[in-house]
Amino acid sequence: MMRVHLVNPSDSSFGIGVITPRWLYVLAAATPSEYGDPLVTDETLEQIQPDRIQPGDVVGIGIHTGNALRGMQIGRIARERGAWVVYGGIHATLYPEEAFELGGAHAVVKSDGDIVWAKVIADLVRGTAPRTYEGGRISGDQFLPARWNLAPRNRYMWASVQTVRGCPKHCSFCSVWRTDGQRPRQRASDIVIEEIVQLRRLGFRFIALADDNFYPVTLTDIELAEMQGNAARVRELRALRSERFELMEKLAKLPADMVFFTQITMEAGEDTQFLDAMRQAHIKGALVGVESVTEEGLKSVRENPKIGLVDHNILHLPSIVIAISDTKT
Ligand code: B12
Ligand code: SF4
């Protein structure tokens, strides 16, 4: 019987991973059970074993720009072995043609894979797959919870759970608002909590909230909508904001030794109510970005937005990690 393979490419493998690549386990959940459990390979742990790929298998490869070349190499190997090769992820969404030119792709999926993946597999197996699929920007209630039972035990330090996709900002240097869109798509808080509880039972205490921007509505956004007299917009923004608080109240009830981190914009620093709620929700750190630390630097960034920038998403790791502490003390 044909198998479905899902591969997270990486040039180096360390045996231990820092954070779970969420897409792998979400796509595993999107794989219909009639094909059996997909064979999941995270190359940050160990390299793929090509001889496990058989003719007629479907190989799904998720790429961001940093691991795209290794992904293309795996695609070519899989195609040579007679498998159907599909790419997805942010890099494939932005540059689908590369996967055909360099990666032996039969098909590329743009945007969200949760819903479209089952159709892609069925089309490939029938030999009727078009070159590209538009996975679309699905709504928050359609995001699939990950299949964490397929993740190897005791190999990752942090798990990753997504609570919102999309970011209302439009920073010139960032890909997120173009790929995930500017409308925040939030998941229902109960579904998020269910996934976290499942992870906790699997032994995870550290969880990254893998969100584009955990603080998608700023106080200024609401004030501006009020000044414009746009009642519908004010209602919409307030609803999004209260859903954030609802989620954080539920996170706060989880065992005290849980540790979360996420990504926010600096405007949250002026929203003490939000910061306090984050602290109570065990969100101990947040990545924020700083475009420049001097006036002159900021001006040159504005004049020449293509120069290297640091933002909470574009370059997370060198960004500033702020500790969420009590804003009253
Ligand atoms: C959380 C996060 C992190 C976390 C956790 C990383 C991890 N190991 O999971 C941290 C903070 C550690 C991190 C680090 C980095 N990150 Co980061 N990260 C994100 C973020 C915000 C969410 C990723 C996520 O888990 N989303 C949830 C999953 C479910 O969504 P998804 O990956 O998009 O997958 C869906 C679809 O794309 C599609 N799909 C994906 N793969 C496939 C495959 C197939 C076959 C199919 C059909 C579909 C499909 O279906 C999935 C389900 O819908 C994204 C922003 C974004 N919107 O992608 C940036 C992002 C991916 N990161 C980015 C960058 C640059 C980095 C760093 C290089 C930063 C740095 N300089 O160190 C490092 C690289 C780390 C690494 N080796 O992977 C960039 C990549 C840009 C690019 N063009 O590639 C992004 C897009 C942010 C940005 N501003 O543009 N990151
Ligand atoms: S850099 Fe951050 S705040 Fe700016 S658009 Fe991207 S995700 Fe949003």
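Biologist: Is Cys 174 buried or exposed?
Modeller: Cys 174 counts as buried, with a relative accessibility of 13%. Bear in mind that this is a predicted model.

Biologist: And what about Cys 171, how exposed is that one?
Modeller: Cys 171 is partly exposed, and its relative accessible area is 29%.

Biologist: How many disulfides does the structure hold?
Modeller: There are zero disulfides in the structure.

Biologist: Switching to helix H5, which of its residues are buried?
Modeller: H5 covers residues 117–126, and its buried residues are Trp 117, Val 120, Ile 121, Ala 122, Asp 123 and Leu 124.

Biologist: What do those buried residues of H5 pack against?
Modeller: They pack against one helix, H1 (22–30), and against the strands E1 (4–8), E4 (58–62), E5 (84–88), E6 (107–110) and E7 (132–134).

Biologist: What comes just after H5?
Modeller: Gly 127 does, and this glycine takes a positive phi of about 75°.

Biologist: Now strand E13. How many of its residues are buried?
Modeller: Five of the six residues in E13, which spans 283–288, are buried, so the strand is mostly covered.

Biologist: Which way does E12 run against E13, parallel or antiparallel?
Modeller: Strand E12 (residues 259–263) and E13 run parallel, joined by four bridges.

Terms used:
Residues are numbered from 1 along each chain as its sequence is written. Chains are lettered from A and ligands numbered from 1 in the order in which they are written. This is a predicted model: local features need pLDDT of at least 70, side-chain atom pairs count only at pLDDT 80 or more; totals for chains, interfaces and linings use all residues. Side-chain values use heavy atoms; hydrogens and water are left out. Buried means under 20% relative accessible area, exposed over 50%, partly exposed in between (1.4 Å probe, protein chains only). Helices (H or I, at least four residues) and strands (E, at least two) are DSSP runs, numbered from the N terminus. Two strands pair if DSSP finds at least two bridges between them. A disulfide is a pair of cysteine sulfur atoms within 2.5 Å. Contact means heavy atoms within 4.5 Å.
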